[in-house]
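User: Please take me through some of the terms used for this model. I would like each one set against its definition.

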Amino acid sequence: PNTTYLKDYRVPDYLVDNTDLHFELEAKVTQVRTRLKIRRNPKAGDGLPPLFLDGVDLQLFSVTLDGIALSSTDYQELPQGLSIPVEKPEFVLEIHNSINPEENTSLEGLYLSNKMYCTQCEAEGFRKITFYPDRPDVMSKFTTTIVASKDHPVLLSNGNEIGRGHCEDGRQFVTWEDPFPKPAYLFALVAGNLEHVEDVFTTARGRKVKLQIFTEAKNIGKCDHAMRSLKNAMRWDEEVYGREYDLDIFMVVAVDHFNMGAMENKGLNIFNSACVLASPETATDSAFQRIESIVGHEYFHNWSGNRVTCRDWFQLSLKEGFTVFRDAEFSADLNSRAVKRIEDVTLLRTNQFAEDAGPMAHPIRPDSYMEISNFYTLTVYEKGAEVVRMIHTLLGADGFRKGSDLYFERHDGCAVTCEDFVRAMEDANQVDLTQFRRWYSQAGTPVLDVTDQFDESTGVYRLIVRQSCPVTPEQKDKLPFHIPFAMGLLDSTGSGIALDKAGSTQLVLEITESEQVFEFNGLRERPLPSLLRGFSAPVKVRYDYSLEQLLFLMSHDSDTFNRWDASQRFAFKAMNQLQSAYQEGLSLELSPELIVAYRNILLNKELDPALVAEIMLLPSEHSIAEESVSIDAEAIVAARTFARKSLSCALIDELKERYAELDIERPYSPNAKDIAERRLKNICLEYLCVTESADALDLAQCQFDSAGNMTDSAAALSALINYGNDQYAEQAIHQFYDRWKEDTQVTELWLAQQACSAKRGTLNNIKALMQHPAFELKNPNKVRAVIGGFANRNFQQFHKNDGSGFEFVADQVIALDKLNPQVASRVVIPITRWKKYSGELAGKMKAALLRVSNSGELSKDVYEVVSKSLV
Ligand code: B3K
Ligand code: ZN
């Protein structure tokens, strides 16, 4: 496969002013007729080069130029598209081709999900629909006519409906017109037997927007939460960014077969059912929160992505980093800000840091790719959002808003670059972000090594900060980053020390050099530093805190995030000790200080239960692995299992007490307070069950039998699956399935819980699950639940010493690659990080990867990931 380089970017040779599409939908042969009004791009230079149109898996019938049919010798049909010699700077091109939605298992282009037609065009799926200059800097006004038989009564596309009627043969048609020019990746079409819920949103200027959510009839009762979230998002974007919605209608469609979460097509968002449908009986709290944030995310793209789009796919983080930042702030404003931050940072630290340290590491604006689908990564999304957040921190909320106003005003209707975003921020604030731009071009997670000195005689305290960044593929030497470093100093009573004349107890230091010293004067005693408050930059901070100091920060830091972070550092230390003891064959003992600290936290009723819950959850196996220089999977499992057992035995009474206190009946509501209380309650339940005592398991059984919402029911099921008697586990699994087998979302959860279970998710059980009627290899959600659950969330079984987990994943990658390359190329990731493993696991993992590599012809997607990780 070829590599595409950012440095090779050229403006398009031709522009398309109008795109008229005409579809006749049939499962096996869908006819597509396209009429394009094309003109030479004045910015592309002189002459009239041949017109190139991308096209993949298309059956071509005819090409007409200005009404004259071309013969097949007048153009060239190449594997990747059509090349047509051109003699005039402006012309109308008509193309007739067909496609086969039924056979399309890649879920890119036009495909069928259950009985419903739908599309996914980002990044390069439109070329699987018709021949077209499929690149985001070609923006065109689209009109779309859909013809279908009566069993697909709902026919949708972007923009406004401008016509409908019946054909003589009994079929019907609907025509849509989108007044906003857009790149082809934002095109969408849906056809099916769907119902919808409807609402109205009145914009700040008083315009009425019709809101519709479409789904199969059986799910119509599961749309309320998404509708509420949509209205909240529309209001929030007006209030925080001054952005009003621009069409008279906004539609959302739920689809069962979808490669990712959702897609921001103009006026017609298409969602993975799991990211839009919810009811208290069937969806957990985290599903409710996920839906709110994804509905917000896709809605926010209407400005950050659609009105202002990307020039090329290297600029993906321009829309994704910015939009993730926007959705994170939306969720923080509507729920608990601290908990949202803790969750996001945990994801970044465990998974993005691992990506940044692995074979596919890339800057948030990559320099090259073989397959762009492989770059929809945590780096582009989550680290990209952190980079935008740092700009926000450096400029302050008002400065950032000035910058975003200028960005939207300057570039409305255009396809632009990350550079344009940064320049708008600079110009609106008269600041210089030259050095800051390195965040866009350098990969890897920077490390800050912090030491300090206190001179008692002068009262001067110095913080010495050294920054470095590990080598990543193709980037050896890195230049220093510009890092906003939020910090405070605590005195011995735990109060914040004034750090400037204005009396602020928190400063944002700007780190720009590889080594920098910051001085604080007039201190009476040696202070305790609280570093990188709120995780003000996506970096690792090393500072040698003692256990005592960490405990002090846990109870006194004014920054909630850092209180939690201190608990994490504390737990990491304890877990490292256990790991070493295990490796040396010594007997294990959990640090008594940790037990005391956790008891205090568990009993502290002043603390937000959400924070207590986050602290009680020890760092996951994956985050311990990410912190390790060389991963010893067995030792990690042993250490963490032991720590959890010790905590649960030591705190049994306290756990029971808190469980009982939080176990109150109330009508379900997914608000921050109730979610936090349910979460803490269910964490207590799980710890109690770790002891496998009969009382604890009775509690779980009782909760399982009587739960009034899916959060409690799923937590109880998980406890029964993972602890205690196999027979009860078996019974619960069956009972749950019987109750919910008609519900796709609950069934997915049921599959995932088994696949993720250290106890139940053995390889044999996973293989059996894949034979279960609830499983479907062609459905990405089921693959993510079972295969993804096993490889990404079942640390113990996946890392079995015999390498069987890796071999299994290799087999699945090989099978999936023939059906759905995008999904296959995600499934392979866990076996690409073999270099980080110690002992025999590294070799076994590499062997599995080699087997994939040698298994015959691979998709570009899998080829890129596999070849890069074998280098
Ligand atoms: N923009 C889409 C992602 C498309 C992924 C294509 N492989 C969803 C989102 O980020 O909002
Ligand atoms: Zn997005």
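Analyst: Helix 14 and helix 15 cross in a left-handed way; left-handed applies if the near helix is turned anticlockwise from the far one by less than a right angle, and right-handed if clockwise. Helices (H or I, at least four residues) and strands (E, at least two) are DSSP runs, numbered from the N terminus. This is a predicted model, in which local features need pLDDT of at least 70, side-chain atom pairs count only at pLDDT 80 or more, and totals for chains, interfaces and linings use all residues. Residues are numbered from 1 along each chain as its sequence is written, while chains are lettered from A and ligands numbered from 1 in the order in which they are written.

User: Which residues make the contact of helix 14 with helix 15?

Analyst: Helix 14 contributes Ile652, Leu655, Lys656, Arg658, Tyr659 and Leu662, and helix 15 contributes Glu677, Leu680, Lys681, Cys684, Leu685, Tyr687 and Leu688. Being in contact requires C-beta atoms, placed from the backbone, within 7 Å. By class there are 9 nonpolar, no polar and 4 charged residues. Ala, Val, Leu, Ile, Met, Phe, Trp, Tyr, Cys and Pro count as nonpolar, Asp, Glu, Lys and Arg as charged, and the others, Gly among them, as polar.

User: Why are helix 18 and helix 19 called roughly antiparallel?

Analyst: The axes of helix 18 (residues 726-740) and helix 19 (residues 744-755) cross at roughly 160° and come within 9 Å. Axes are lines fitted to C-alpha atoms, for helices over the stretch in contact, with angles from 0 to 180 degrees between N-to-C directions. Angles under 35 degrees count as roughly parallel, over 145 as roughly antiparallel, 65 to 115 as roughly perpendicular and the rest as oblique. Helix 18 and helix 19 are therefore roughly antiparallel.

User: What makes helix 4 oblique to helix 5?

Analyst: Helix 4 (residues 337-356) and helix 5 (residues 378-411) pack at about 120°, their axes 10 Å apart. That angle makes helix 4 oblique to helix 5. Their crossing is left-handed.

User: Which residues are around ligand 1?

Analyst: Among them are Glu122, Met260, His297, His301, Glu320 and Tyr376; a residue is near a molecule or strand if its C-beta atom, placed from the backbone, lies within 6 Å of it. The shell holds 5 nonpolar, 3 polar and 4 charged residues. Strand 20 (262-263) and helix 2 (285-300) each supply at least two of its residues.

How values were computed: Two residues are in contact if their C-beta atoms, placed from the backbone, lie within 7 Å.
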